[in-house]
Every structure is written in structure tokens, then in C-alpha cells.
Amino acid sequence: MKIVSATQIREIDEYTINHEPVTSIDLMERAATAFSSWFMQHYSNIKRIKIVCGPGNNGGDGLVIARILYSYGYKVEVYTILPTAKTSKDFDINLQRLSSLISEQRITPNSKLPQFHTEDILIDALFGSGLNRPLAGLAADIVQAMNQAKTIIAVDIPSGLFTDTNNSKEDVIIKATQTIAFQLPKLAFMLPQNADFIGDWHLVDIGLHPTAIAQASTNYFYTHTRKAITYLKKRSKFSHKGTNGHALLIAGSYGMMGAAILSARACLRSGVGKLTLHAPKHANDLVQSNIPEALFSADDNKYLSTTEWTEDQLKSYSAIGLGPGLSIDTKILSLIHSIIEHGSSIPLIIDADGINNLSTPEGRDLLDKLPENTIITPHPKEFQKLLNRSWQNDYEKLDLLREFSVKYQVIVCLKGAHTAVALPDGSIHFNSTGNPGMATGGSGDVLTGIITALLAQKYNPAHAAIFGVYLHGLAGDIAVKEKSIYSMVASDLTDNLPKAFLEITALQTQNS
Ligand SMILES: NC(=O)C1=CN([C@@H]2O[C@H](COP(=O)(O)OP(=O)(O)OC[C@H]3O[C@@H](n4cnc5c(N)ncnc54)[C@H](OP(=O)(O)O)[C@@H]3O)[C@@H](O)[C@H]2O)[C@@H](O)CC1
Ligand SMILES: Nc1ncnc2c1ncn2[C@@H]1O[C@H](COP(=O)(O)OP(=O)(O)O)[C@@H](O)[C@H]1O
Ligand SMILES: [K+]
């Protein structure tokens, strides 16, 4: 699913009006109806609501929502906030249509500000994607007053928040409980810095013209379920372990074998034909008894010491995963170097201490040598270290992410809520699955195992990264229903991979 800019939203809107064709007033009616259906499903017990409308089309939506909810028996109070006398055409028409049912409370710069209370249920239809400057004066005052309420449902986007550019920390913005956006997600929704404003967000379809969406060029995508399920490869009836790939996982060290085991288990639960875990020899019994399905390749030391791998040793592997639970004490750079040199054609994923070692001055020299489409999976701290710099805001972070991925022609999965997968072509794919229950030690190791398995099964690396991240989050979403965000542990992700695969397979069948 594309994530488009505010300008493109306006263009898609216009194209839909001209080519469907549909009048703009009817498109507004459609959008407000979609919002209202969602609202009535989720707030059926609430009878009294306050709708705050601005002067543009976002405000126009609010006026239609007021009319619809009124017709369904809600007690509706409508505030129109007019910083200037200028209003949009469709706002005027809908104000007229509403006037016989409800009288608005008009607020201009000379009016007394309305008071809102904690228990109020507010619908925020003040400004939408047409916001063109930070809020000030009356607009800022009203938002501050609205933010007293505990429940605010934003129409399209919280008022005061820009769709696709940075807000400064001082900007006054609605703190919504929920945001109901029209059809396409906005870049602002993907970024941690905006979490307090957006709350939970949902999309409602308003029938925008598919051609207009197809023509909009963008670097940003949202991996929704309909797309993600297309990545899962069908298995042939005659497939055997040889056709499903042999993964080599280089992971674990003294005191950190848990990471290796988590990663190995996830790899095995993600369809790999065979797995060899290379880890310090003291872990042999642990590995054999905990993961009998894995082959064990013993390293001589407490920490990995085998830094030289020959082409002969590597040639039987179809993917290599490297990093979970390694230590920074090991000579991991030599290890990476050796793998790049002797196994450059084998798909590679580097995580955790693998990345930390690439963040040293000598490590950065190796970045240029990473084979094209190598996958690295840093969390933001690891990415900062890798870049040797920080960022002012999340938009700058995305620019740095894209630059890095294009410069080194590698795939970077920048982990977090809505993990961003940056591809060497400059595109960034935000994930749609996952939850805060996954913010627990070892979750990242599970992801490495999943992606290693997909690479071994010959998924193209971009798909392995995007689909692996989706699958990992889906397993988390299934796990959380039973375990809660508080009690979830990383093994719960692996334990729920089977259900995740079953869900995807069922959806594939349904869609075929
Ligand atoms: N996408 C779709 O397909 C559909 C979109 N629809 C809806 O349209 C919404 C976009 O509507 P929109 O373009 O009229 O802009 P909107 O957000 O109402 O604000 C513009 C007004 O605010 C003003 N203004 C701006 N910044 C300001 C500020 N800081 N402080 C004060 N004033 C400010 C600006 O005037 P200005 O002062 O700049 O002259 C203008 O008057 C979109 O979010 C969705 O809800 C649906 O109805 C149908 C399908
Ligand atoms: N709030 C969240 N929502 C969705 N996914 C999350 C959230 N917090 C963490 N995750 C996911 O959990 C994983 C954590 O990985 P990482 O930070 O490497 O942890 P660890 O090193 O402990 O394994 C990442 O895949 C990340 O995307
Ligand atoms: K809004």
C-alpha cells in the first residue's frame, strides 16, 4: 500500500472527482459516512459527542459526521472554529445542510473559548491534510482546550500534525485516542515521535480512484496483509529438505547462548530444510537437547574463534545468519570478512553484535564490501552507532536510513513499532504487524532466525526482509492475545509462528 504526500492526496482526490466521476461534495459525504460507520461500531454506548470543525474540508467532514450521527440519535454539539472568514465551498454547503438540525457554536478570534472536560468525547475535524503551517492564535488555543478531554477521535489526521514533514517540538497538536484516516496511511503515522498525537490509527476506504493511486510515485510503502500474504511461497508436494535450503547460523557465546537458541528455533519454525548452528563447543549439549533438529558445528573457544571460513566450508549453505549473542570480544570483523570473501554469493543477514562490530572504525571500512542485498537488522541505537551520528527527528532518521541503504546497496530493517525496511532502490517499507509486547529481550534474535530461514529458501532478499518482519510481527500479534503485552517473551513469538503461517496460508487460499 502506498504512503503518499499531502500534495499527492490532493491530486488523488481531484483525479477521483474528475474521473470517477463524483462531485467533491459526494466524496466528502462518502468519507464522512465511512468515518461515522467506524465511529458507531466502536462508540455505540456513547450518546453525547462534541464535534469541533475547522474552516476547510476537514471541517466539512466534521459537519457531515455531525449530521449522520445526529440522524442516528446521538446528541451532537458542533463547534465551528473560524480563525478567518475564509471557508471551503463544501464546508459552506454542509453547514447549510446541518443548520436545520443543529445550531453550531461559532468561535472566532473574538469569541470566548469553549471549555472541554476530561470526560468529553470529542471528534477532531479542525484541520486535516491541508494544514500548511503550525497552529497559532485561535487554532492553537482551541487545540489546547480540546486536549483536556481524555477521548478524542481525529478525522483523517490529528489537527496540527503535518502529513509528511516534521513538526517542531513546540507545535500545538491534538492528542488523539484514535485517528481514522481516509484510505491511505500517512507518513506521520509511522514515526515514533508522533505516537502521542495519533493514538491507534485505522483506515477507512472511501473509494479513491485506483488509477490515481497507481500513478502516484512514492518511496514509502506500508506492508498490509493483502500484500504480505502474496510473498509466502507455495511448497511443492515433492519438495524435500534439500529444496528448502540449508542455513548456517553463527551465533551465541559464553553467557549468551539463549540468543542463539531463540534464533535457531525461529529459523527451524520458518520452513528451513536444514539448520547448522555454529557456536562455542561448550554449548553442544545445550543445543543438542534444546534443538534436536539443528546440526551443531563446534567452535573451539568460549567465544567464537573460528574466523577463517573457506569456500569449501561455506559452499553447502544457502543462507548465513550472523550476530545473535556473539560478543564484541570475538574477532567478528575477521569472520565477516572471511564470509564476504569466500561466500559472497550466499545471502547474508547480520544482526546484533555483528552490527556492533561493523560500527567500529575498522568495521565501517567493511561496509563497502558487503555483498549487494546483505540484510542488516539494527534497532535505532545500533543504527546510530553504525552511522556514528544521531538525528534531530524521525524524518531525518528516514533520510539517513535511505541514504545508507542506497549508498551501500544493502537492506536495512530498522526495528521498532512499524519497523522500516529500506531497500537499495531507495524505497522504505513500513511494517503493519507487531505490538509493544515484543519489546522484550530476544525478540530481535527471533527475527534474525526467521529471515535467515526465508533467505535459505531462496526468497529474494527484499521479500525475505519485508515478509520476515511481517511474519515476526504477526506471530507477536497472535501471541499477545494469550500472553498480554506484559507477559510476552521472545519464545512466544516462535511458538506462534505455526499459527502465523496457518493464518497466511488460509488468507492465500481465500484470495485465490
Ligand atoms: N483525501 C481525500 O481524498 C479527501 C479528503 N477529505 C478531507 O479534506 C481534508 C483536507 O481538506 P483541505 O484541503 O480543505 O484542508 P484542511 O485540512 O481542512 O485545512 C485547510 C484550511 O485550513 C487553513 N489552514 C491551514 N493551516 C492552518 C493553520 N495552521 N492555522 C489556521 N488555518 C490553517 C487553510 O486556509 P489558509 O488559512 O491557509 O488560507 C484552509 O482553510 C482531508 O484531511 C479530509 O478530511 C474528504 O472530505 C474527501 C476526500
Ligand atoms: N512497540 C513495538 N511494536 C512492534 N514491534 C516491536 C515493538 N518493540 C519492539 N518490537 C520488535 O521487537 C524486536 C526487538 O528487537 P531488538 O531491539 O533487537 O531486541 P533484542 O536485541 O532484545 O532481541 C524488533 O523486531 C522490533 O521491531
Ligand atoms: K483532524
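The model is predicted: local features need pLDDT of at least 70, side-chain atom pairs count only at pLDDT 80 or more, and totals for chains, interfaces and linings use all residues. Residues are numbered from 1 along each chain as its sequence is written, while chains are lettered from A and ligands numbered from 1 in the order in which they are written. The chain is assigned domain 1 (2-218) and domain 2 (228-511); such bounds come from an automatic or database domain assignment.

**Domains**

- The centres of domain 1 and domain 2, taken over C-alpha atoms, are separated by 41 Å.
- Six residues from domain 1 and seven residues from domain 2 make up the contact; two residues are in contact if their C-beta atoms, placed from the backbone, lie within 7 Å.
- On the side of domain 1 that touches domain 2 there are three nonpolar, three polar and no charged residues. Ala, Val, Leu, Ile, Met, Phe, Trp, Tyr, Cys and Pro count as nonpolar, Asp, Glu, Lys and Arg as charged, and the others, Gly among them, as polar.

**Ligand 1**

- The shell around ligand 1 has 30 residues, of which Gly56, Asn57, Asn58, Gly128 and Gly130 come nearest. A residue is near a molecule or strand if its C-beta atom, placed from the backbone, lies within 6 Å of it.
- Helix H1 (6-19), helix H2 (24-42) and helix H3 (57-71) are the elements that give two or more residues to this shell. Helices (H or I, at least four residues) and strands (E, at least two) are DSSP runs, numbered from the N terminus.
- H3 supplies the largest share of the shell around ligand 1, five residues.
- By class, the shell around ligand 1 divides into 14 nonpolar, eleven polar and five charged residues.

**Ligand 2**

- Around ligand 2 there are 18 residues, with Ala417, Gly434, Ala439, Ser443 and Gly444 coming nearest.
- Helix H17 (residues 443-456) gives the most to the shell around ligand 2, namely four residues.
- Six nonpolar, ten polar and two charged residues form the shell around ligand 2.

**Main sheet**

- An open sheet of eleven strands runs in the order E1-E9-E18-E17-E16-E15-E14-E13-E10-E11-E12, with mixed pairing. Two strands pair if DSSP finds at least two bridges between them.
- Strand E1 (2-3) and strand E12 (295-299) are the edge strands, each pairing on one side only.
- Strand E13 (residues 319-322) and strand E14 (residues 348-350) run parallel and are joined by three bridges; Ile320 stands opposite Leu348 in E14.
- Strand E9 (residues 220-223) runs parallel to E18 and is joined to E18 by four bridges, with Thr223 opposite Asn431 in E18.
- Strand E17 (residues 420-422) pairs with E18 in the antiparallel sense over three bridges, and Ala420 has Phe430 as its bridge partner in E18.
- E17 and E18 form a hairpin with five residues between them, and Gly426 in the turn has a positive phi of about 95°.
- In a regular strand the side chains alternate between the two faces of the sheet. Both faces of strand E18 (residues 428-431) are covered, with Ile428 and Phe430 buried on one side and His429 and Asn431 buried on the other. A residue is buried if 20 or more other C-beta atoms lie within 10 Å of its own, exposed if 12 or fewer, and partly exposed in between, with C-beta atoms placed from the backbone.

**Helices**

- Helix H5 (residues 137-146) has Ala139, Ile142, Val143 and Met146 as its buried residues. They cover an arc of only 100° around the axis and therefore lie on the same side of H5; the arc is that of the directions from the helix axis to the C-beta atoms.
- The cover over the buried residues of H5 includes strand E2 (48-53), strand E3 (75-81), strand E4 (105-107), strand E5 (121-125) and strand E6 (151-155).
- In helix H15 (residues 380-387), the buried residues are Glu382, Phe383 and Leu386. Their arc around the axis is only 100°, which puts them on the same side of H15.
- Helix H13 (352-358) and strand E16 (411-414) are among the elements that cover the buried residues of H15.

**Ala6**

- Ala6 lies in helix H1 and is partly exposed because 19 other C-beta atoms lie within 10 Å.
- Leaving aside neighbours within four places in sequence, Ala6 is in contact with Ser129, Thr163 and Asp164.
- Ala6 and Phe162 are 156 residues apart in sequence and 8.5 Å apart in space, C-alpha to C-alpha.
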